[in-house]
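Biologist: I'd like to learn how to read helix packing in a model. Could you walk me through a case?

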Amino acid sequence: MGVILGALEAKGLLVSDGAWGTMLQAKGMTSDDCPEEWNLSHAEDVQAVASAYAEAGSDIILTNTFGGSLLKLAKMGHGEKVVDYNRAGAANSLAAAGDAIVAGSVGPTGEFIEPLGEMTAAEMEAVFSEQIGAMLDAGLRAICVETMSAIEEAACAVRAAKHLDATVDVITTFTFNASPKGFKTMMGVGPEQVVATMGEAGADVLGSNCGNGIEQMVDIAKAFREHTDMPLLIHANAGVPELIGGKTVFRQSPEDMAARVGELVAAGANIVGGCCGTTPMHISAMKAAIADLENS
Ligand SMILES: [Zn+2]
């Protein structure tokens, strides 16, 4: 049994972390910066994010490696740095996480597998293998493939991790929008298809991150539970985005978000954390709400 499944068995419910981009922007990162480059140039800032989540009570902490694939880094002129940035990202979170499990963040590449795009599945898997391999070499025992939309791309990432080390736990989360046909990703993938395809690819934990606040995530968790008993991770945004002064902001308070955690757990979530706009304060409020659930 891997580290995350083991922790779930021991503790029942787990709390993961909140947003990274929101936190790093508060430390001065701009849209011109390559976020993964910060793992080397601003290692202390990156570690401070991980330690803030550790102090807030996160059982699982991610890494600042969301855009760390060759395909993403090459677009920013950092294509030769995949191994350096991902190793450093893993090391930064490990250095600051204390007893928390570190899961390496892997986001979409921005490219598609043929016939939609020009990549073969084997090429896509090799891209993920390079990124994930660097993080496993740095000592990680879990990977979080997140914000996915295309099912075949996500399957390549899961297979890459499992082919490198079958004992590594792999979380895979998709970003859904509500539609008349239920919750679908930008590529038209629903929870039922995620369950079927990701289960076969070898994922250990499924779920959803980003795109929705916790109210919608309750319904997404229920939709998953119609098709699977697998552990579910949910990372909701801090409410719906508002445009303020030309900037997109998420303003749901930690208390408002925490007030919905019981509903989310009742709907079937086993691991709860946050996405855009969430902070260590949101995580500690959700941690307290989960402790109340466990004591009630
Ligand atoms: Zn997000």
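Modeller: Gladly! Axes are lines fitted to C-alpha atoms, for helices over the stretch in contact, and angles run from 0 to 180 degrees between N-to-C directions. Keep in mind that this is a predicted model.

Biologist: At what angle do α8 and α9 pack?

Modeller: Helix α8 (residues 151-164) and helix α9 (residues 191-201) pack at about 25°, and their axes are 9 Å apart. Angles under 35 degrees count as roughly parallel, so α8 is roughly parallel to α9. Their crossing is right-handed.

Biologist: Which residues of α8 and α9 meet?

Modeller: First, the general idea: an α-helix has 3.6 residues a turn, so residues three or four places apart point the same way. Here, α8 brings Ile 151, Ala 154, Ala 155, Val 158 and Arg 159 to the contact. From α9 come Gln 193, Val 194, Thr 197, Met 198 and Ala 201. Seven of these contact residues are nonpolar, two are polar and one is charged.

Biologist: Now for another helix. How many residues of α6 are buried?

Modeller: A residue is buried if 20 or more other C-beta atoms lie within 10 Å of its own. In α6, eleven of the 15 residues are buried, so the helix is mostly covered. Among them are Tyr 85, Asn 86 and Arg 87.

Biologist: What do the buried residues of α6 pack against?

Modeller: Their partners include α4 (43-56), β3 (101-106) and α7 (121-137).

Biologist: And how far apart are the end C-alpha atoms of α6?

Modeller: They are 22 Å apart, which agrees with the 21 Å that 15 residues should span at 1.5 Å a residue. Just after α6, Gly 98 takes a positive phi of about 60°.

Key
Residues are numbered from 1 along each chain as its sequence is written. This is a predicted model: local features need pLDDT of at least 70, side-chain atom pairs count only at pLDDT 80 or more; totals for chains, interfaces and linings use all residues. Helices (H or I, at least four residues) and strands (E, at least two) are DSSP runs, numbered from the N terminus. Angles under 35 degrees count as roughly parallel, over 145 as roughly antiparallel, 65 to 115 as roughly perpendicular and the rest as oblique. A crossing is left-handed if the near helix is turned anticlockwise from the far one by less than a right angle, and right-handed if clockwise. Two residues are in contact if their C-beta atoms, placed from the backbone, lie within 7 Å. Ala, Val, Leu, Ile, Met, Phe, Trp, Tyr, Cys and Pro count as nonpolar, Asp, Glu, Lys and Arg as charged, and the others, Gly among them, as polar. The expected span of a helix is 1.5 Å times one less than its number of residues. A residue is buried if 20 or more other C-beta atoms lie within 10 Å of its own, exposed if 12 or fewer, and partly exposed in between; C-beta atoms are placed from the backbone.
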